[in-house]
Amino acid sequence: MSAKSVYVSRIIPESGINLLVNAGYAVQMNPLARPPGADDLLAEAGKHDAFVCQLTDRIDRRFLKTAAPKCKIVANCAVGIDNIDLAAATEFNVVISNTPDVLTESTADLTFALLLATARRLGEAERLVRAGAWRGLGMLDFLGSDVFGKTLGIVGAGRIGTAVAKRARGFDMNILYCNRNSNPLMEKLGARRVSLQELMQRSEFISLNMPLTEETHHLINANALAGVKRGAILINTARGAVVDQVELIKALRDGRLAAAGLDVYEKEPTVAPELLAMENVVLLPHIGSATVTTRNRMAEMAASNVIEVLSGRPPRNPVIQC
Ligand code: GLV
């Protein structure tokens with residue numbers, strides 16, 4: 001009997017590949033030096049027993065219909081699963097798994113890195129030094145905002161939102177959060193659950209930590225931004241599309257928002273030229289989980305889910321379990 005085939009849509013850390021190879025699978029890597037497009041993926045559908053994918057891959061109905069029944073699992077190497085048509089996966093009996101927990105702390109660290117970078121204007125200051133334009137310490141140069149004692153509003157009180165709240169406590173911040181349900185872990189950290197409107201009105205820093213769903217798409221829209229506390233700073237390490245980018249740019253232009261720290265964008269890897277031109281916006285290339293340890297763990301987790309399912313067992317991290 002020939003070895004089962006696993007298609008890996010983009011390079012992942014070797015530890016994940018090694019698990020698959022050691023389990024006896026024929027691993028085929030996407031040979032393209034870019035993320036596969038919908039047609040590239042479709043060309044592989046129906047040929048493999050499992051796919052290890054990235055959030056940049058569109059796992060849509062057409063793909064899943066063609067990939068099944070040979071394909072038993074799509075293991076997303078990400079915690080977010082907004083790139084996958086879950087209804088179609090259920091319809092065609094394809095297990096979907098993700099990589100929760102292992103990236104929580106790294107992503108919360110990056111959220112805080114952006115919060116500090118925007119509050120203390122690190123991007124602008126660093127650009128000045130690199131440009132050879134620094135003329136020595138100036139008492140009025142690069143005056144930013146304090147972080148301690150300020151109010152942080154966290155939208156989305158899941159694992160990452162809660163990990164952000166833990167860090168905020170260490171910085172003596174007041175914490176508000178907005179979530180469908182109250183979260184006892186958040187309450188234990190002294191965070192208070194409020195409506196989105198109240199959170200926007202009262203927070204000096206706003207951190208977006210919710211998944212992208214139909215409900216959260218453009219949650220931060222003209223209406224939400226109309227009520228923001230003047231001079232607040234917005235941090236987004238969730239998904240670009242939870243914010244209406246046109247409205248974000250307007251709010252940054254007219255000073256309702258003093259700054260923004262963005263790791264994610266609506267149409268990655270495109271970044272709006274308006275944002276690129278703004279000194280008060282810190283822009284990162286979707287690196288929330290990008291530490292050596294975390295990325296290794298994500299790859300290993302995705303590989304383990306494939307191994308479980310191809311061995312006839314349930315996945316360890318099911319999103320959809322057939
Ligand atoms: C990153 O954005 C992830 O969903 O893992």
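In the predicted model examined here, the largest cavity has a volume of about 80 Å³. Its lining is formed by Asn236, Gly240, Val243, Gln245, Leu248, Leu262, Val264, Tyr265, Glu266 and Leu275. By class, this lining comprises 6 nonpolar, 3 polar and 1 charged residues. In total, the structure contains 3 cavities of 30 Å³ or more.

Among the open sites, the second largest pocket has a volume of about 300 Å³. The residues that line this pocket are Val155, Gly156, Ala157, Cys178, Asn179, Arg180, Met210, Pro211, Thr213, Glu215, Thr216 and Leu219. They divide into 6 nonpolar, 4 polar and 2 charged residues.

The ligand is surrounded by Leu55, Ala78, Val79, Gly80, Leu103, Arg239 and His286. This shell consists of 4 nonpolar, 2 polar and 1 charged residues. A polar backbone atom of Gly80 lies 2.8 Å from an oxygen atom of the ligand. On the side-chain side, a polar atom of Arg239 is placed 2.7 Å from a ligand oxygen, and a polar side-chain atom of His286 is likewise found 2.7 Å from an oxygen atom of the ligand. The ligand taken alone exposes 190 Å², of which the protein buries 89%.

The backbone geometry was also examined. Most residues other than glycine have a negative phi, and most peptide bonds are trans. A cis peptide bond, with omega about 5°, joins Ala68 and Pro69. Pro69 belongs to the loop between α3 (61-67) and β4 (73-76). A cis peptide bond also joins Glu268 and Pro269, again with omega about 5°. Pro269 is situated in the loop between β11 (257-262) and α12 (273-276).

Positive phi values occur in residues other than glycine at Asp101, where phi is near 70°, and at His218, where phi is near 55°. Asp101 is located in the loop that runs between β5 (95-97) and α5 (104-119). Because its relative accessibility is 47%, Asp101 counts as partly exposed. His218 lies in the loop between β9 (205-208) and α10 (222-226). With a relative accessibility of 22%, His218 is therefore also classed as partly exposed, the threshold for a buried residue being under 20%.

Technical notes
Residues numbered from 1 in each chain as written. Heavy atoms only, no water. Near = heavy atom within 4 Å. Polar contact = N/O pair within 3.5 Å; in protein donor to acceptor, adjacent residues only side chain to side chain. Areas by Shrake-Rupley, 256 points an atom, 1.4 Å probe, with all protein chains shown as cover. Nonpolar A, V, L, I, M, F, W, Y, C, P; charged D, E, K, R; others polar. 1 Å grid on protein atoms, 1.4 Å probe; cavity = no way out; pocket = protein on both sides within 12 Å on 5 of 7 lines; lining within 4 Å. Points joined across faces, edges and corners; volume = space filled by probe spheres on them. Helix = DSSP H or I, 4+ residues; strand = E, 2+ residues; numbered from the N terminus. Buried < 20%, exposed > 50% of the residue type's maximum accessible area, 1.4 Å probe, protein only.
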